[in-house]
Amino acid sequence: MPPSTKLTAALLGGVLLAVLTGCGASAEKGHAEAAAPSARANPALAGMPPVLDVKDVYAADRPGKLSPVVKDFPSRVYVPNTNSDTVSVIDPATYKVIRTIKVGRQPQHVVPSWDLKTLWVNNDIGDSLTAIDPATGKVSRTVPVSDPYNLYFTPDGKYAVVMASMDRQLVFRDAHTMKTAKTVPVSCAGVNHADFSMDGRYFIVSCEFSGELLKVDTARMKVVGRQKLPFNGAMPQDVKLSPDGGTFYIADMMANGVWVLDGKKFTTPKLLPTGKGAHGLYVSRDSKEMYISNRGEGSISVFDFAQRKLAKKWRLPNGGSPDMGGVSADGKVLWLSGRYNSEVYAIDTASGKQLARIPVGKGPHGLAVYPQPGRYSLGHTGVFR
């Protein structure tokens, strides 16, 4: 997340050693809680679609495995231009902008809904969500929502979770009407990104401005763990679960790498250096690799899940500021916004070669490639399961 004009400035159940009451709980308490013994493994979150493969949470995301809901949607790349208050729509076949949609103030991310039928534009300063029909590319409605910096959906499809960064809240809303169900105040600063455990029972949230992580119980809609990252000035960004469900990765733009976290234990994570300004995290269609955008140096690091180490690094010709994005439905192209260059990059995932550099509006941010394979969306720019 870049500077903003508005910015002045998840728990497997079991027997707990201590009950954490919210974001104010200490990291030490969070660690003690996470280490508590459990009589047996808990079942998945009620109402969540069953996991297809316990060895690969992304098994539904293979090339061409489009849901019947989206199979007739035209393939497009939606780019929210934060400083232009627009969304640029790119045809990936021609690498051309074919439409520019006016939206609310400071659109941050374009987010696919849990049921895959809607794309929600997060108008942060505009305090609204703009709904785009991906079948037609047209705006269908605008819903008033306070401080929607980012947006996620619980794995059971019941709630949207608004990352209200400046309001210092996690707001659970009806996934369809966006009416508030529960507001969860947090004392950390800058809630912005998240991902859910394989069983859906908890999720990990990054707090950018205070350099912290939260663990939130999904069903109880309650913060159950909090910890400060062990790096002075840490600014955690995107969060992504490993295919085997055992590890969370958290990009950190100031630590210049990715934190490796055991979400179940919620112990202190280890830092994996990747590059300056590590920002976005995207899993390849075969679940073998993860692409890490290093915004501060114009590069993409490629992490090998099996070897648990970096395999290679791609550098954009003439530099750039690769930020947020997604992988094409066939897995052949990685799309990333160029945050400070008013452009979008298309990168060949086989070679790392830049395929296109497309001019868009000012401040392009949470780009969404749509449609993508998967049964349902957990939000952000497209986290599918």
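Student: Which residue in S15 does Asp 217 stand opposite?

Tutor: Lys 222. Bear in mind that this is a predicted model.

Student: How many bridges join S14 to S15, and which way do the strands run?

Tutor: Six bridges join them, and the strands run antiparallel. S15 covers residues 222–228.

Student: What about the turn in that hairpin? Which residue has a positive phi?

Tutor: Met 221, with phi near 50°. Four residues sit between the two strands there.

Student: And the other neighbour, S13? How many bridges join S13 to S14?

Tutor: Six bridges, with S13 (residues 202–207) and S14 running antiparallel. Within that pairing, Val 205 has Leu 214 as its bridge partner. S13 and S14 also make a hairpin, with four residues between them. In its turn, Gly 211 has a positive phi of about 60°.

Student: Is S14 enclosed or open, and why?

Tutor: Largely enclosed by the rest of the structure, because six of its six residues, 212–217, are buried.

Student: Which residues go on which side of S14?

Tutor: Glu 212, Leu 214 and Val 216 are on one side. Leu 213, Lys 215 and Asp 217 are on the other. Every one of these is buried, so both faces are covered. In a regular strand, side chains alternate between the two faces of the sheet.

Student: Zoom out. What does the chain have in helices and strands?

Tutor: One helix and 28 strands. The chain has 385 residues, and 62% of them are buried. Its accessible surface is about 14,100 Å². Carbon and sulfur atoms account for 53% of that surface.

Student: New topic: S24 to S27. What order do the strands take in the sheet?

Tutor: S24-S25-S26-S27. It is an open sheet of four strands with antiparallel pairing.

Student: Which strands stand at the edges?

Tutor: S24 (322–327) and S27 (354–359). Each has a single partner strand, so one side of each is left without a neighbour in the sheet. From one strand to the next, the twist averages 20°.

Student: What holds S26 and S27 together in terms of bridges? How many?

Tutor: Five bridges join S26 (residues 343–348) to S27, and the two run antiparallel. Ala 346 stands opposite Ala 356 in S27.

Student: Where does Thr 349 lie?

Tutor: In the loop between S26 and S27.

Student: Is Thr 349 buried or exposed?

Tutor: Buried. Its relative accessibility is 11%, under the 20% cut-off.

Student: Which residues is Thr 349 in contact with, leaving aside neighbours within four places in sequence?

Tutor: Tyr 291, Trp 314, Gly 331, Lys 332, Val 333 and Leu 334.

Student: Another loop, then. Where is Ile 125 found?

Tutor: Between S5 (119–123) and S6 (128–133). Ile 125 is buried too, with a relative accessible area of 17%.

Student: How far apart are Ile 125 and Arg 105, in sequence and in space?

Tutor: They are 20 residues apart in sequence. In space they are 5.3 Å apart, C-alpha to C-alpha.

Student: Now the surface. Which residues make the nonpolar patch?

Tutor: Phe 231, Met 254 and Leu 271. The patch is about 230 Å².

Technical notes. Residues numbered from 1 in each chain as written. Predicted model: local features only at pLDDT ≥ 70, side-chain atom pairs only at ≥ 80, totals over all residues. Heavy atoms only, no water. Pairing = 2+ DSSP bridges. Axes fitted to C-alpha atoms, helices over the stretch in contact; angles between N-to-C directions. Buried < 20%, exposed > 50% of the residue type's maximum accessible area, 1.4 Å probe, protein only. Contact = heavy atoms within 4.5 Å. Patch = residues over 30% accessible without salt bridge, like charges linked within 9 Å, V, L, I, M, F, W, Y side chains within 5 Å. Areas by Shrake-Rupley, 256 points an atom, 1.4 Å probe, with all protein chains shown as cover. Salt bridge = Lys/Arg side-chain N within 4 Å of Asp/Glu carboxyl O.
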